[in-house]
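Biologist: Please put the model up, and we can go through it by question and answer.

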Amino acid sequence: MNKRDEEALLERVAMLLEDPSHAGHPLQDALQALYRQYRAQQEQLERLISISDRYQQLALEARQVTQKRYERVLRRQQKLSRISDGYQAMMRERNQALRQASTHDPLTQLANRRLIDERLREHDATRRGYTLVLLDIDHFKTINDRHGHDVGDRLLVAIAATMREELRDYDLCGRWGGEEFVLLLADTAVSEAWEIVERLRRRVAAVCIAAGRRRLSVTLSAGLSEHFAGEAPDETLQRADQALLQAKRDGRNRSLTAPPPS
Amino acid sequence: MLAMTTMTPDLDIPGSQSTPAIQSHWQAGRLAMQGDSYPENSYELFDQVIAWVRRFLETERRPLRLELALVYLNTSSVKAMMDIFDLLEDAHEKGRAVSVEWRYDPRNERIAELADEFREDCSYPFAIVPAAAPA
């Protein structure tokens, strides 16, 4: 029975009860009692429903508050992670920058002695073969004296860039000293290294930089030494240095291979 | 001297390699922190800072200003800073005048980006200012 039918029935009963012609009828009294009882129960039911609804509403609101609190905590946690990750990334970048700064020459961005020494020790430990090349710019001091250090620096940067372009990814090119460079050519026999160095010297000789109205270019002298099994890296270096010295004595702008260790 | 005991003492914590320098000025309504923060026990360090801020906001009606020049923060330090900014936000919502000025070395824009992340939920004045690194 729906609400409307129910109300219609109750109204009908109420009208019958009010009708004076039914007064004194034995059913009238019983129906009256039943009618009142029904109305009271109806009222109670409605109160119950209303209380229940209010409880549900409260439970719903409590859930919403919990949900909101949870979302807030979650958002906070995410924010914390995000910022913390940011600081970690910053730290990592800073470490990389420090590592780069501690292993590279700031002017030419070539490897510095530390990195080259490190790599030599690695090759030594893994018994990897290599050829070492020391290169020196011919008459660099004269350029510095005549045109100033600024021009000298620009020349160093241009030569370094050319060398980087010319070499293979796994070759290491470093700035050994003022105008001295070093190549560490892994898994490369001296005959192959010779070709690489000659090509490199030709490329570098073609590099031109402007100094006032003049254009400057330079040549390189090179000393090569192939590492021999069991030889200390320092000895290989020393032989390359000796070969470079001899190339300079022989008139510069040339390469010379060091004899095997005695 | 007795009257002094009711006052929260100011903080003047010298910085170290892993902890920021912290100075509070109750009279001026100012709290300043500079440097890196990755302390071994960040709760011990920041609890006193948080307590000072809480106490100031509860006791005083005057404005509170934070002057920060923080560089690196580890996770627990990030959490502590978020707690402090939340305290300021609550106070601000109750009508208190609070503000933050975060100075950073313009050579390190990352710091500004991270400070901006902190600022996200703050409705009070929160300035992120490029400035020379503190000596």
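Modeller: pLDDT is the predictor's confidence in each residue, from 0 to 100. This is a predicted model, where local features need pLDDT of at least 70, side-chain atom pairs count only at pLDDT 80 or more, and totals for chains, interfaces and linings use all residues. Residues are numbered from 1 along each chain as its sequence is written, while chains are lettered from A and ligands numbered from 1 in the order in which they are written.

Biologist: What pLDDT does chain B average?

Modeller: In chain B, 92% of the residues score at least 70. Over residues 1-5 the pLDDT is below 50. That stretch has zero contacts (C-beta atoms, placed from the backbone, within 7 Å) beyond near neighbours in sequence. Where pLDDT is low, the predicted coordinates should not be read in detail. The average for chain B is 91.

Biologist: What ipTM does the predictor give the complex?

Modeller: The predictor's pTM for the complex is 0.69. Its ipTM is 0.87.

Biologist: How many residues does the contact take from chain B?

Modeller: Chain A gives ten residues to the contact. By class, they are five nonpolar, two polar and three charged. Here Ala, Val, Leu, Ile, Met, Phe, Trp, Tyr, Cys and Pro count as nonpolar, Asp, Glu, Lys and Arg as charged, and the others, Gly among them, as polar. From chain B the number is twelve.

Biologist: At roughly what angle do the axes of helix 5 and helix 6 of chain A cross?

Modeller: Helices (H or I, at least four residues) and strands (E, at least two) are DSSP runs, numbered from the N terminus. Axes are lines fitted to C-alpha atoms, for helices over the stretch in contact, with angles from 0 to 180 degrees between N-to-C directions. The axes of helix 5 (residues 149-166) and helix 6 (residues 190-205) of chain A come within 10 Å. They cross at roughly 140°.

Biologist: Which residues of helix 6 of chain A make that contact?

Modeller: From helix 5 of chain A come A:Ile159, A:Thr162, A:Met163 and A:Glu166. The residues of this contact divide into four nonpolar, one polar and three charged. From helix 6 of chain A come A:Arg199, A:Leu200, A:Arg203 and A:Val204.

Biologist: Which are the edge strands of the open sheet in chain B?

Modeller: Two strands pair if DSSP finds at least two bridges between them. The six strands have the order 1-2-3-4-5-6, with mixed pairing.

Biologist: In which sense do strand 3 and strand 4 of chain B pair?

Modeller: Strand 2 (residues 21-25) of chain B is antiparallel to strand 1 and, over five bridges, to strand 3 (residues 30-37). Strands 2 and 3 of chain B form a hairpin with four residues between them, and B:Gly29 in the turn has a positive phi of about 65°. B:Gly35 has B:Leu70 as its bridge partner in strand 4. Over seven bridges, strands 3 and 4 of chain B run parallel.

Biologist: How many residues of strand 5 of chain B are buried?

Modeller: Five bridges join strand 5 (residues 98-104) to strand 4 (residues 64-73) of chain B, in parallel. A residue is buried with 20 or more other C-beta atoms within 10 Å of its own, exposed with 12 or fewer, and partly exposed in between. Of the seven residues in strand 5 of chain B, the buried ones number five.

Biologist: Why does B:Ile50 count as partly exposed?

Modeller: B:Ile50 is found in helix 1 (residues 42-59) of chain B. B:Ile50 touches B:Ala80, B:Asp83 and B:Ile84, not counting residues up to four places away in sequence. B:Ile50 is partly exposed because the number of other C-beta atoms within 10 Å is 16.

How values were computed. Two residues are in contact if their C-beta atoms, placed from the backbone, lie within 7 Å.
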